[in-house]
Amino acid sequence: MNIETLMKELQLDTRLEVKDIPDIDLYMDQVIQLFEKKFSPAKRNEEEKVLTKTMINNYAKGKLFFPIKNKKYSRDHIMLISMIYQMKGALSIHDVKQTLEPLNNKIVNEEIDLLSLYMSYLTLFDQNLELFKHDVHQHIEEAHSEAAKIGNKEEAYLVKLLLVTTFTEISNFYRKAAEKLVDDLMEEAPKGKKE
């Protein structure tokens with residue numbers, strides 16, 4: 001298994017850059033088009049939807065982002081939707097809401113510059129991608145080593161099986177750590193703010 005080929009196929013470097021977000025507010029259909037255009041290469045298959053009207057409406061009803069004005073989404077909304085898009089792959093919508101609720105309050109009260117936060121988010125995204133590439137390379141080597149110990153003609157299958165179990169385990173470790181942080185945020189929330 002070639003790490004470069006795997007990384008190319010996964011399209012993990014696909015993300016919404018600040019320069020990709022227009023300076024004008026967008027209607028829902030334009031937001032969906034923006035996300036489709038940017039994230040389509042990273043879809044698992046053609047049937048998978050990047051973002052739909054239903055998803056956006058559910059995020060709005062669930063108060064995952066602050067209210068829109070005149071049926072238009074600002075740059076801040078689009079940055080939040082981008083973060084939601086990444087988090088929803090590992091966390092429940094409830095956990096995403098709990099995580100973003102304090103941020104939404106700070107945005108509404110003009111206590112935080114979301115652009116600066118989003119830039120930090122993108123910097124960490126790049127760093128995490130590089131760490132991931134390094135770790136995947138190491139996991140592939142380890143899986144080959146372990147599969148060779150079994151001495152079976154099905155080594156290619158065993159390597160992939162061991163990698164699937166390794167990646168799901170690591171994913172679960174990180175998801176559980178993220179859930180614990182969400183729980184901590186809920187514990188730290190002022191009384192009356194918990195749901």
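This is a predicted model: local features need pLDDT of at least 70, side-chain atom pairs count only at pLDDT 80 or more; totals for chains, interfaces and linings use all residues.

User: How far apart are the end C-alpha atoms of helix α2 (residues 28-39)?

Analyst: Helix α2 has 12 residues, and at 1.5 Å a residue these should span 16 Å. The distance in the model agrees with that expectation. The end C-alpha atoms of α2 are therefore apart by 16 Å.

User: Within what arc do the buried residues of α2 fall, seen down its axis?

Analyst: The buried residues in α2 are M28, V31, I32, L34, F35 and F39. They line one face of the helix, because, seen down the axis of α2, they fall within an arc of 160°.

User: Which exposed residues does α2 carry on the face turned away from its buried side?

Analyst: The buried residues of α2 pack against β1 (26-27), α3 (53-61), β2 (72-73) and α4 (75-87). The face turned away from that buried side carries two exposed residues, Q33 and K37.

User: Is the aromatic pair of F65 and Y73 stacked or edge-to-face?

Analyst: The structure holds five aromatic pairs. In the pair of F65 and Y73, the rings are 6.1 Å apart, centre to centre, with 75° between the planes. Planes over 60 degrees apart count as edge-to-face. The pair of F65 and Y73 is therefore edge-to-face.

User: Is Y73 buried or exposed?

Analyst: A residue counts as buried under 20% relative accessible area. The relative accessibility of Y73 is 3%. Y73 therefore counts as buried.

User: How many residues apart in sequence are the parts tied together by D29 and K53?

Analyst: D29 forms a salt bridge with K53, and their closest N and O atoms are 3.3 Å apart. D29 lies in helix α2 and K53 in helix α3, so the pair ties together parts whose separation in sequence is 24 residues.

User: By about how much of a helix are E130 and K133 separated?

Analyst: The side chains of E130 and K133 meet in a salt bridge, at 3.6 Å from N to O. Both residues belong to helix α6 (residues 114-150), where they are three residues apart. Their separation is therefore about one helical turn.

User: Which residue is linked with R15 and E17 in a network of salt bridges?

Analyst: E17 forms a salt bridge with R15, with the closest N and O atoms 2.7 Å apart. R15 is buried, at a relative accessible area of 11%, whereas E17 is partly exposed, at 24%. The residue linked with R15 and E17 in the network is D126.

Terms used: Residues are numbered from 1 along each chain as its sequence is written. Side-chain values use heavy atoms; hydrogens and water are left out. Helices (H or I, at least four residues) and strands (E, at least two) are DSSP runs, numbered from the N terminus. The expected span of a helix is 1.5 Å times one less than its number of residues. Buried means under 20% relative accessible area, exposed over 50%, partly exposed in between (1.4 Å probe, protein chains only). The arc is that of the directions from the helix axis to the C-beta atoms. Contact means heavy atoms within 4.5 Å. Rings of Phe, Tyr and Trp (its six-membered ring) pair if their centres lie within 6.5 Å; planes under 30 degrees apart count as stacked, over 60 as edge-to-face and the rest as tilted. A salt bridge is a side-chain nitrogen of Lys or Arg within 4 Å of a carboxyl oxygen of Asp or Glu.
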